[in-house]
Amino acid sequence: MTATMSTAPEAQPVEVPTSTKRGMGNAFAMFRNAKSVTGLAILGVFTLAAIFAPFITRYGPLEKNLDALRQPPSARFWLGTTHMGEDVFAQIVYGTRGVLVVGFAAGIIATIIAIAIGVTAGYMSGWRSESLSALTNVFLVIPGLPLMIIITTGQENPSLFLVAGVLALTGWAWGGRVLRAQTMSLRNRDFVQAARANGEPLWRIITVEMLPNLMAIIASSFVGTVTAAILGLTTLAFIGIIPITNLNWGTILFWAQANGAFPNLWWWFVPAGLAIALLGVALSLINFGIDEYVNPRLRSAGERARDLRKRGMKTNSAVTEVRAVPGAGSTAATTTTATKGEYERPDVP
């Protein structure tokens, strides 16, 4: 059954290649461009560091070395030590676990909620759709940070999964709104109408006919939610809401600020800040790669650039030459594109 693309008046649909509609493997072609591959490589390094932390570090994250207080980076302590002689490198590596656990747990939970509410609200009509849309609008305007502070401070020792749940609760609405708009543009397509006419159940229409067309939007929403959750976790830890037992990069910055590390003990706070920035760059590259796949203009521009590079041509060195067509009059012309070397001829003054 072939999907035909059309533009709905109420929403501008996202063009998705037909090959993604049946093969789930082709649905992940969005991760095959250079931006996504680079982001996934950086994310993979952080993931491996979190998994193999005991094999990478020489000391425990809270192990104290009283003979090496406030030491700068050295061969013994790669990123220096804290005011208690704790290895900063070990804290960075072990803190990666908490950051990734909270980020991906919040992303998974928020994405599931966004799919359930957004796709359902987009496919249905009438008061059901309007009620789910109103619920999404309510969560869009809820201030996330104050709610997270209220809920986490009510617990004596909040777990990472509680923090992830709160972050997911305050972060699913944007993805749900986007999925609702895109689903509304898909529900009147010919392949959905044909499935409905064949008497297919609702769950099969959504999971088999519609979700493959929404994979790029879902992936982009997931990556954005993970990024927001990581920033929310480090913010809560930096302001002291999350206890020190939940070690992450935010708690490292909290203790550095509380013990006067700024600005002299740069090795205490700079690595944690760089780790947050590098992980944010990785997730942003993945999101840019997905956006390049989803946006038809960006995708076609990227394909043309890759084709020019395969031919050995520089994408930014093309010039346009207008030539008159013989016998077609003075106004008719053809436009050709050539590189600078091809355009210049020795016989032309």
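Visitor: Is R204 buried, exposed or partly exposed?

Guide: The model is predicted, so local features need pLDDT of at least 70 and side-chain atom pairs count only at pLDDT 80 or more, while totals for chains, interfaces and linings use all residues. Residues are numbered from 1 along each chain as its sequence is written, and side-chain values use heavy atoms, with hydrogens and water left out. Buried means under 20% relative accessible area, exposed over 50%, and partly exposed in between (1.4 Å probe, protein chains only). R204 has a relative accessibility of 30% and therefore counts as partly exposed.

Visitor: With which residue does E209 form a salt bridge?

Guide: Side chains of opposite charge can pair when their charged atoms come close. The term salt bridge requires a side-chain nitrogen of Lys or Arg within 4 Å of a carboxyl oxygen of Asp or Glu. E209 meets this criterion with R204, their closest N and O atoms being 3.9 Å apart. E209 is buried, at a relative accessible area of 4%. Through salt bridges that share partners, E200, R204 and E209 are joined into one network.

Visitor: How many salt bridges does a search of the whole structure find?

Guide: The search finds 4. One of them links E86 to K64, with the closest N and O atoms 3.5 Å apart. Both E86 and K64 lie in the loop between α2 and α3 (88–123), so the pair ties together parts that are 22 residues apart in sequence. Helices are DSSP runs (H or I, at least four residues), numbered from the N terminus. E86 is buried, with a relative accessible area of 11%, whereas K64 is partly exposed at 44%.

Visitor: What is the partner of R76 in a salt bridge?

Guide: The partner is D67, and the closest N and O atoms are 3.8 Å apart. R76 is partly exposed, at 36% relative accessibility, and D67 is exposed, at 60%.

Visitor: Which residues make the nonpolar surface patch?

Guide: A patch is made of residues with over 30% relative accessible area and no salt bridge; nonpolar side chains (Val, Leu, Ile, Met, Phe, Trp, Tyr) are joined within 5 Å, and like charges within 9 Å. Here L48, I51, F52, F55 and I56 form a nonpolar patch of about 530 Å². The elements giving two or more residues to this patch are α1 (34–51) and α2 (53–56).

Visitor: Where is F55 found, and is F55 buried or exposed?

Guide: F55 is in helix α2 and is exposed, with a relative accessible area of 71%.

Technical notes:
Accessible areas come from the Shrake-Rupley method with a 1.4 Å probe; for residues, only the protein chains shown count as cover.
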